[in-house]
Amino acid sequence: MSAVVVIGGGVDGLVAATRLARAGRAVVVVEQRREVGGVCAGGSFGGSFRHTGRWCDTVHFRPALAKELRLTECGLRFVPPADSLAVEADGPGIAWTSDSYKTERDLARRAAGDVDGLARLQAWVERTRPVIEALVDAPPTRLEGSAPLTPLVKQALGMRRMGARDMLELLQVGPAAAEDLLASYVQDPLLRAAMIAPSLLGTRMGPNAPHSAGIWLLYEALTGAYEVDGGPAGLVSALHVAAERAGVRFRLGAAARRVRVEAGAVVAVETSEGDLDSRAVLSAIGPRRTLLDLVDPMLLPSRVVREARALRVRGSWAVIHLGLSGPPQWRSRPGVAFGRVHVGASPTELDRAMDDANAGRLPEKPFLDVRVLPASCAPAGQAALTVQLSCVPYHLEGGWTAEARQRLLDRVLATLAEHAPHLPGQVVASEVLTPRDLEAELGLEGGHPLHGEIALDQLWALRPTPALAGYHTPIKGLFLGSSGTHPGVGRTGASGALAAKALLAGA
Amino acid sequence: MSRLGTTSAPWDAVIVGGGHNGLVCAALLAKAGKKVLVLERRERVGGATLTEEHYPGFRYTVASYVVSLLRPWLWRELDLARHGLQLIPLETSFSPYPDGRSLCRGPDPIATREEIGAFSRRDAEIYPTFGKSMGRLARFVKRFVDQTAPDPTSFRPRDLAQLVGHGRAFRELPDDEEALLTRLLTASATDFLRETFEADELIAPMSCSGIIGTCLGVSSPGTAYVLLHHYMGEIDGASRAWGLARGGNGAVADAIASSAQASGVTIRTSAAVDKILVERERAVGVVLVDGEEIRARTVVSGCEPRLTMLRMVGRDHLPSDYTAGLERYKNRGSSGKVNLSLDFLPEFTCRPGDGHLRGDIAIAPSTAYLEQAFAEAKAGRWSRRPYLNVVIPSLLDRTMAPPGKHVMSIFVQYAPYHLADGPSSWPQHRDAFRDDVLDTLQEYCPRLRDAILHAQVLSPWDLEQELGLTEGNIFHGELTLDQILFQRPVAGWARYKTPVRDLWMCASGTHPGGGVMGAPGGLCAREMLAAGAL
Ligand SMILES: Cc1cc2nc3c(=O)[nH]c(=O)nc-3n(C[C@H](O)[C@H](O)[C@H](O)COP(=O)(O)OP(=O)(O)OC[C@H]3O[C@@H](n4cnc5c(N)ncnc54)[C@H](O)[C@@H]3O)c2cc1C
Ligand SMILES: Cc1cc2nc3c(=O)[nH]c(=O)nc-3n(C[C@H](O)[C@H](O)[C@H](O)COP(=O)(O)OP(=O)(O)OC[C@H]3O[C@@H](n4cnc5c(N)ncnc54)[C@H](O)[C@@H]3O)c2cc1C
């Protein structure tokens, strides 16, 4: 039997490859870059600084997968999340530390009812968690065709077990606006902003957009209690070890150019470094790109092509890595070190920033999610930061010229200066990645971190598109498995795992 | 104890509010032999389906202006044709653009194809197929409009059978239409349309039906589904069936009222209800603003849910989670209305004549225009260049204006209820608002202002004050995915019942929602009778 070719060595590609190899298949991963990891790969910048991936969140990786792939034996270590801070212009902000009593006191001082409101909200999220996990850990039910709806009925019954009240609440919250939901529990706008902003990654929604509550809930319910030590790069390195131990072979620096198809079935993958014969291909890069660029569209039903073209993949995120001559000092909490800092005053401001981005402008007041990276990422006494920005347009008015990138950096530094006045003066190195740069560097079409916008019409049975729903394609032997497929919310690894399962069952 | 009221209450049901839904409910209850009283605050019934003369000889269809969803089964049961209701189909949709081009879509497929072809050949080819698919989906959705809302939490056989029935019907749709439907329920209007069409000149006016009555933009998620309403019409079996009621939309209410009276309903106008009387957790009657007390075995509210429950009933009688649900219920008004009496018909520069004006006219030249209009609303201002939906009823119905003269109905969005300086500042801004509306239209009809004899301007504030529409929302609550079906108005209370025994709700704030369709009123009456409520 020829080897299964996995296109793309990102998190999902690595998970899929390992699962396939452990099921006894020969597997080759084809990765265009010289290293695996995709958006999660660490790297260096500014000469002497390192980053741990273009993004730092690892709290969504499915714990069951870590266990199945025995990642702890491959060096994976879970650690409690770093202390974090939501800064504000003239006040102490909110700090989340291991001392939850202090955090509660902070919250109570800001708005008397919020401690209780937050507890009620969290309790409700806990109750919905099993329903959401069941949804995420299973392939989507195909709504079309004649396939039985039994899985759907089962899922519905699972939902009913929550009890009528929680179920109605869940059905109502899904299509509502995040801000409406949170405001009915929590008064403090700063707290709401810090809670909502990260969840809208990968959407074009502001907190007042319909459906944003559903996205928030998905994100929140999938958030685990632990992070991976070493960030995304730590996760990638464990996955890489696991894959190699399972016997996966790697072709690094080989970009897939075409999936060759004969008589409706895959026969080979053409790469920049030569062809690989194969009857089974799992593409862990974007579904849109896979179907429209790697496959001859003439071979696909017109409906599939039409839907793939319509798939929305425009990202609105940018990343800036900063090297500082010393640790940042936050005006809200002088002298205290935090691993994560949220900058953004209120959901209303987030909404405006998203409006700016959707209109093709740089946001007046950008929302920042700042990570202070481990000390090992910077020379002694210095500090490395990764700043994640939402609301940065892919199609910027006037284009992403060098001047525009500088403007973005200046605006971010000016925003940071409001909360850490010395910070701009501390900058000794910087790297700016706009959505365009993310596209060019990582092969992320549209610069979208998740290979497809997150919105109710592009999730679950509609991800990547209704005709595809899941991991199969009309071409025999070709499967889709990046976060552009279900569940696709964050770095769960579930897309790759479910795709591998589909391949094993179907090929 | 015997049921309260059998001896003390002369009425089986007292209906609060004589909007068309209240009247439908009253008529059906009376037909079943019940003694029914309708109390209407204004001097005339109709609520948001109202015709009034504000300038001698000119009749305005004051609020709502087109009819398409009025349920066929109500036509039959209430015998509305015999009570004088006549519909005139609206056949065309006309949209002018600032560059002097224009688009007129109408009943003639060949002409429409040519019109659209001027913007995109591809779109012209797909347009009829798209319409057919949407028509079929609309038929599917009508299942929901003519039944009480499903209850997904219930294990009762009747409810499970209903759910299974909906599932089967879904399965019977062709694959690509299933896909279309799932996208419709979840996508934004523009994303949904862009999947099929490419010409922004076509997408922009089509997308507008997705935002009517909501405080959302054409690219807000969830707005696609309202597009279906455009394909749900059922007038003479015509495909794109919006119609005008002869005599304005007030004629709809008048016909229903006449049918109701023929069945024995008593209607009292200028009778504003102040409180719904609750004794021992049951509704037992109402108190009018002048203090008069009227007792009845059941009370049915034909008013908006928040007005009914929070103002007329009061929180003291309500469980806290129901109150919380109502407080979360989104009712943000976003539209206004300008009605004009015209001395002559002002022509559109881009296309003289009036053949293309016998339908609706949309000022929605581009999606960017609509986004800008929405951005202003979010910032608490009315759009300086709003989306307009214009109808000139007098072109089709000679009873609306003196010979040679015309009335024009202009629906305006966005006019947010919540202005930056508060909703009660609307009266100060009314003239400026009107001027922006007229300026917008005048760009296409230069002689508009010369023709105006009289103008009536209704801001969302006025809609609230005049018609009792809370926050001026035209549908008694936005029609978004989280506020329809079993969640309208409050999750778990979508079957016309309320937490107060013997108090029911029958208007647009209940399933299946707003619009001149009579379905909430009709379904409420059915539920009440089936439950043996009175
Ligand atoms: C800016 C940003 C912010 C993010 N924020 C979060 C967050 O807050 N929370 C969260 O959970 N997730 C976040 N993510 C998303 C998360 O990192 C991704 O969802 C996840 O890593 C995707 O994994 P993947 O394997 O599906 O895709 P990728 O990591 O993109 O992997 C695809 C791989 O395929 C390679 N490749 C592409 N084309 C070819 C080709 N033709 N031939 C061979 N190889 C190819 C690429 O180089 C890459 O290595 C973010 C991502 C980004 C970029
Ligand atoms: C400007 C505008 C344009 C519209 N355009 C269209 C359209 O073109 N097509 C369409 O299908 N739909 C349209 N609609 C929506 C449609 O008109 C409404 O959804 C529908 O008419 C509501 O009917 P209803 O019976 O549910 O409630 P209403 O018509 O609102 O009836 C409620 C009644 O209660 C009365 N009332 C209020 N308070 C009291 C009290 N205290 N005591 C006694 N009575 C009271 C009111 O006076 C009113 O008569 C439009 C609405 C508006 C406002």
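You are looking at a predicted model, in which local features need pLDDT of at least 70, side-chain atom pairs count only at pLDDT 80 or more, and totals for chains, interfaces and linings use all residues. Residues are numbered from 1 along each chain as its sequence is written, chains are lettered from A and ligands numbered from 1 in the order in which they are written, and side-chain values use heavy atoms, with hydrogens and water left out.

**Stop 1: chain A against chain B**

Select the contact residues (heavy atoms within 4.5 Å): 38 come from chain A and 32 from chain B. Together the chains bury about 3,100 Å², 55% of it on carbon and sulfur atoms; buried area is the accessible area (1.4 Å probe) that two parts lose on being put together, summed over both. Now pick A:Arg160, A:Leu168 and A:Gln172, which supply 21% of the area that chain A buries against chain B, more than any other three residues.

Next, show A:Glu169 and B:Arg328: they form a salt bridge, with the closest N and O atoms 3.3 Å apart. The rule (a side-chain nitrogen of Lys or Arg within 4 Å of a carboxyl oxygen of Asp or Glu) gives 7 salt bridges between the two chains.

**Stop 2: two domains of chain B**

Colour domain 2 of chain B (98–239) and domain 1 (11–53 + 61–87 + 246–330 + 476–530); these bounds come from an automatic or database domain assignment. Their centres, taken over C-alpha atoms, are 28 Å apart. The two domains bury about 2,000 Å² between them. On the domain 1 side, B:Arg71, B:Leu479 and B:Arg495 supply 27% of the area buried against domain 2, more than any other three residues. Zoom in on B:Arg495, which forms a salt bridge with B:Asp159 at 3.0 Å between the closest N and O atoms.

**Stop 3: a sheet in chain A**

Finally, select strands S10, S11 and S12 of chain A, an open antiparallel sheet in that order. Strands (E, at least two residues) are DSSP runs numbered from the N terminus, and two strands pair if DSSP finds at least two bridges between them. S10 (256–262) and S12 (274–277) are the edge strands. S11 (265–271) is joined to S12 by 4 bridges, and A:Glu270 has A:Asp275 in S12 as its bridge partner.
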